[in-house]
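Take a moment to turn the model around before you start.

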Amino acid sequence: MVMPRAKQGVREFLLATLLTALTCSQSILIVATKLRRGQYVYSTVSANLTVELLKLLVSGLGILVEVNRDGITAETSIKMSLKDAVAYSIPAALYLAKNLLQYKVLLYVDAPSYQILKNLNVLTTTLLYAILLRKNVNSLQWCAMVLLSAGCAVSQLETRSNAVLDLSYRGIFMATVMALLSSFASVYSEFILKKDFKRSLHVQNFYLYFFGVTLNFIVFVNSKTSKRPFFGGFSYLVWLMIVNHAFSGVIVSYVLKFSNNLTKVKATSAAVLLTTLLSAMFLRFNLTLQFALGFIIVVTALYIPTASHH
């Protein structure tokens with residue numbers, strides 16, 4: 001059954017709004033869990049593994065609810081074939097590599113420059129969305145993506161913008177690779193989620209997060225932090241960050257299956273500005289003329305529709 005366009009638009013708006021809020025909260029919570037020296041008292045490897053475990057638990061509970069309501073059907077049964085294993089292990093590996101690489105990027109890039117380079121993801125996702133999924137991205141949608149990328153970059157510029165962009169080639173290269181990994185993972189996830197559209201999203205997520213847990217566990221066992229208490233340094237803020245991160249991942253899967261990657265990049269771009277506004281309100285961050293200009297550009301881009309109509 002095809003959902004009416006108005007109802008579909010409302011659902012996309014609600015999903016995008018929720019994703020924006022969760023993405024914004026995530027960055028603020030990460031900053032709140034850091035020490036003044038810019039270090040963490042907890043293991044980020046343990047935190048990432050806990051996030052994947054929580055997402056796996058949420059997916060499992062979702063399956064139980066569906067089975068209790070509709071019984072065991074072809075759409076809700078967990079029968080992972082070799083083909084499924086290969087398909088779902090790919091994005092799990094890509095997300096793992098991206099998450100590990102972002103810590104390396106921050107060794108070579110300062111925070112404002114990182115925000116600018118991270119927005120390469122907007123353009124690379126749109127490009128891969130058009131090429132790999134063979135979707136028709138019209139001129140207005142391309143314009144929206146360019147404006148989003150430019151608006152977020154402008155909003156993060158400091159007065160001495162030439163200093164912000166004075167980066168090592170290694171930092172730029174690693175940030176570019178990170179953007180490509182994130183884009184490939186996101187676009188490929190949309191592909192496999194929509195390819196078998198009738199299958200329960202909870203089952204599909206269960207497959208993805210199973211491999212996420214497996215790969216993160218392998219990394220944890222082979223890391224130095226495996227000798228420390230697993231939950232060492234986990235404060236209530238760390239747990240809040242983990243829960244927020246987990247539900248953010250689940251909402252992303254809803255957006256990718258029932259909307260598309262263009263909606264996702266709009267939501268995450270809006271989160272950059274919302275984070276800055278909240279930082280100004282609660283973390284004494286000074287708003288600048290550059291941010292005001294970037295805000296206007298991004299709001300203009302967000303007004304351009306991204307829904308694909310057939």
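## The chain as a whole

Please keep in mind that this is a predicted model.

Of the 310 residues in the chain, 45% are buried. The chain exposes about 16,800 Å² of surface, and 68% of that area is supplied by carbon and sulfur atoms. What share of the contacts between residues at least 6 apart in sequence join residues at least 24 apart? The share is 87%.

## Where H2 meets H10

Two packed helices are described by the angle between their axes and the distance between the axes. Helix H2 covers residues 44–70 and helix H10 covers residues 236–258. Their axes come within 9 Å and cross at roughly 50 degrees. The crossing of the pair is right-handed.

On the H2 side, the contact is made by Ala47, Asn48, Thr50, Val51, Leu54, Lys55 and Val58. H10 contributes Trp239, Ile242, Val243, His245, Ala246, Phe247, Gly249 and Val250. Sorted by class, the contact between H2 and H10 has ten nonpolar residues, four polar ones and one charged one.

## Ser186, a residue in H8

Helix H8 spans residues 169–195, and Ser186 lies in it. Is Ser186 buried or exposed? Its relative accessibility is 1%. Buried means under 20%, so Ser186 counts as buried.

Which residues is Ser186 in contact with, leaving aside its neighbours within four places in sequence? They are Tyr95, Leu256, Asn261 and Lys264. One of these, Leu256, falls within the residue range of H10, 236–258.

## Tyr236, a residue in H10

Tyr236 lies in helix H10, the helix that crosses H2. At 66% relative accessibility, Tyr236 is over the 50% cut-off and therefore counts as exposed.

How many residues apart along the chain are Tyr236 and Thr33? They are 203 residues apart, while their C-alpha atoms are separated by 9.4 Å. If you have the model open, you can pick out both C-alpha atoms and look at this pair for yourself.

Conventions. Residues are numbered from 1 along each chain as its sequence is written. This is a predicted model: local features need pLDDT of at least 70, side-chain atom pairs count only at pLDDT 80 or more; totals for chains, interfaces and linings use all residues. Side-chain values use heavy atoms; hydrogens and water are left out. Buried means under 20% relative accessible area, exposed over 50%, partly exposed in between (1.4 Å probe, protein chains only). Contact means heavy atoms within 4.5 Å. Accessible areas come from the Shrake-Rupley method with a 1.4 Å probe; for residues, only the protein chains shown count as cover. Axes are lines fitted to C-alpha atoms, for helices over the stretch in contact, and angles run from 0 to 180 degrees between N-to-C directions. Helices (H or I, at least four residues) and strands (E, at least two) are DSSP runs, numbered from the N terminus. A crossing is left-handed if the near helix is turned anticlockwise from the far one by less than a right angle, and right-handed if clockwise. Ala, Val, Leu, Ile, Met, Phe, Trp, Tyr, Cys and Pro count as nonpolar, Asp, Glu, Lys and Arg as charged, and the others, Gly among them, as polar.
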